[in-house]
Structure formats: C-alpha cells, structure tokens
Amino acid sequence: KRILVLNGPNLNLLGLREPDVYGATTLADIESTLKRQAQAARCELDFFQSNAEHELIEHVHQAAGQYNGIIINPAAFTHTSVALRDALLGVALPFIEVHISNVHAREDFRRHSFFSDCAVGVISGFGAQGYELALTAALKQF
Ligand code: DQA
C-alpha cells in the first residue's frame, strides 16, 4: 500500500504556533511517528507540506494512480479552497481529513469544510495523534 500525507499552510510552524491550540509536537515529529507506523505495517508513506495552494493541488494530481489514498490536513484551506477540493474529486482517490484541533469548538468559520462531505472520514480534536488515528483507518479503508 502507498499513502500520501498532505499538510497545508502554517503547519510547518507546529510546535511554535499557538501551542495552546496545536500542542508542542512539530511536523517533523509527526512525520517520523507516521513513517515508523507505516513501516511496521509494510506500507509506503510520503509526507509533504506546503503553504501554497497550487503545490498541494499539483501533489494531488501527481498522486493519481500512484497512491491508494490520501491523508490531508488542509489547514486554513479547509475553509476556503474549492480548488483543492476539486483536485481531490478530480483524481477520485479516497481521502481522510485530519485536524489537530477540534474545529467545532472554535470560531464559527472553522465549522465549515469544503472537504468533509467527500472524505471517507474526518478526525478532529485529538492533537498530533489524529494523524496516527488517520493512518490506522487508512490502512484498513484504502
Ligand atoms: C487546522 C484547523 C484549521 O482551522 C486551521 O486553519 C489550521 C489547522 C487543525 O489542524 O486544527 O491551520 O486544520
């Protein structure tokens, strides 16, 4: 199995960024935890973060036929990006949406996602562990 993990804008700042909301775990920590988990399951895992919408879209396009599915934290693009949604629908790969924080317990504008209605499932509010939960689900579902 091959799984692609995509992270959107500002997630490169994890560990420094609003630690009361997002915790102390860095994106590098998350990547190494997931790589270990994937290796134990004999699954190939690629990990990519970008602050640029078009780079995330390009990675989704290039994932077609290469991966069994995608785990994505679209970050702020969750609430804004029809283009990234259309890219995921365009390649027709199953995806799991992850949020570190509980987006339903925050500002109203975070409650709407352009992704949730098309996702296999959504994980929100479990901190960095959400990625591990998503990978566990992806290994079964994709
Ligand atoms: C986030 C939640 C989004 O609302 C926010 O814009 C982010 C991170 C999360 O992981 O909790 O950047 O996706």
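Author: A residue counts as buried if 20 or more other C-beta atoms lie within 10 Å of its own, as exposed if 12 or fewer do, and as partly exposed in between, with C-beta atoms placed from the backbone. This is a predicted model, in which local features need pLDDT of at least 70 and side-chain atom pairs count only at pLDDT 80 or more, while totals for chains, interfaces and linings use all residues. Residues are numbered from 1 along each chain as its sequence is written. Helices (H or I, at least four residues) and strands (E, at least two) are DSSP runs, numbered from the N terminus.

Start with α3. L56, V60 and A63 are buried in this helix. Seen down the axis of α3, these buried residues fall within an arc of 60 degrees, so they line one face of the helix. The arc is that of the directions from the helix axis to the C-beta atoms. An α-helix has 3.6 residues a turn, so residues three or four places apart point the same way. The cover over the buried residues of α3 includes β1 (2-7), β3 (69-73) and α4. On the face of α3 turned away from its buried side sit the exposed residues H54, H61 and Q62. After α3 comes G65, with a positive phi near 75 degrees.

Now α4. Its buried residues are L84, A87 and L88. They span an arc of only 95 degrees around the axis, which puts them on the same side of α4. α3 and β4 (95-99) are among what covers them. V82, D86 and G90 are exposed, on the face of α4 turned away from its buried side. A92 follows α4 and has a positive phi, near 55 degrees.

Next, the packing. Helix α3 (residues 53-63) and helix α4 (residues 82-91) pack at an angle of about 5 degrees, and their axes are 9 Å apart. Axes are lines fitted to C-alpha atoms, for helices over the stretch in contact, and angles run from 0 to 180 degrees between N-to-C directions. α3 and α4 are therefore roughly parallel to each other (angles under 35 degrees). From α3, the contact (C-beta atoms, placed from the backbone, within 7 Å) is made by E53, L56, I57, V60, H61 and A63. From α4, A83, L84, A87, L88 and V91 take part. The residues of this contact divide into nine nonpolar, one polar and one charged. Here Ala, Val, Leu, Ile, Met, Phe, Trp, Tyr, Cys and Pro count as nonpolar, Asp, Glu, Lys and Arg as charged, and the others, Gly among them, as polar.

Conventions:
Angles under 35 degrees count as roughly parallel, over 145 as roughly antiparallel, 65 to 115 as roughly perpendicular and the rest as oblique. Two residues are in contact if their C-beta atoms, placed from the backbone, lie within 7 Å.
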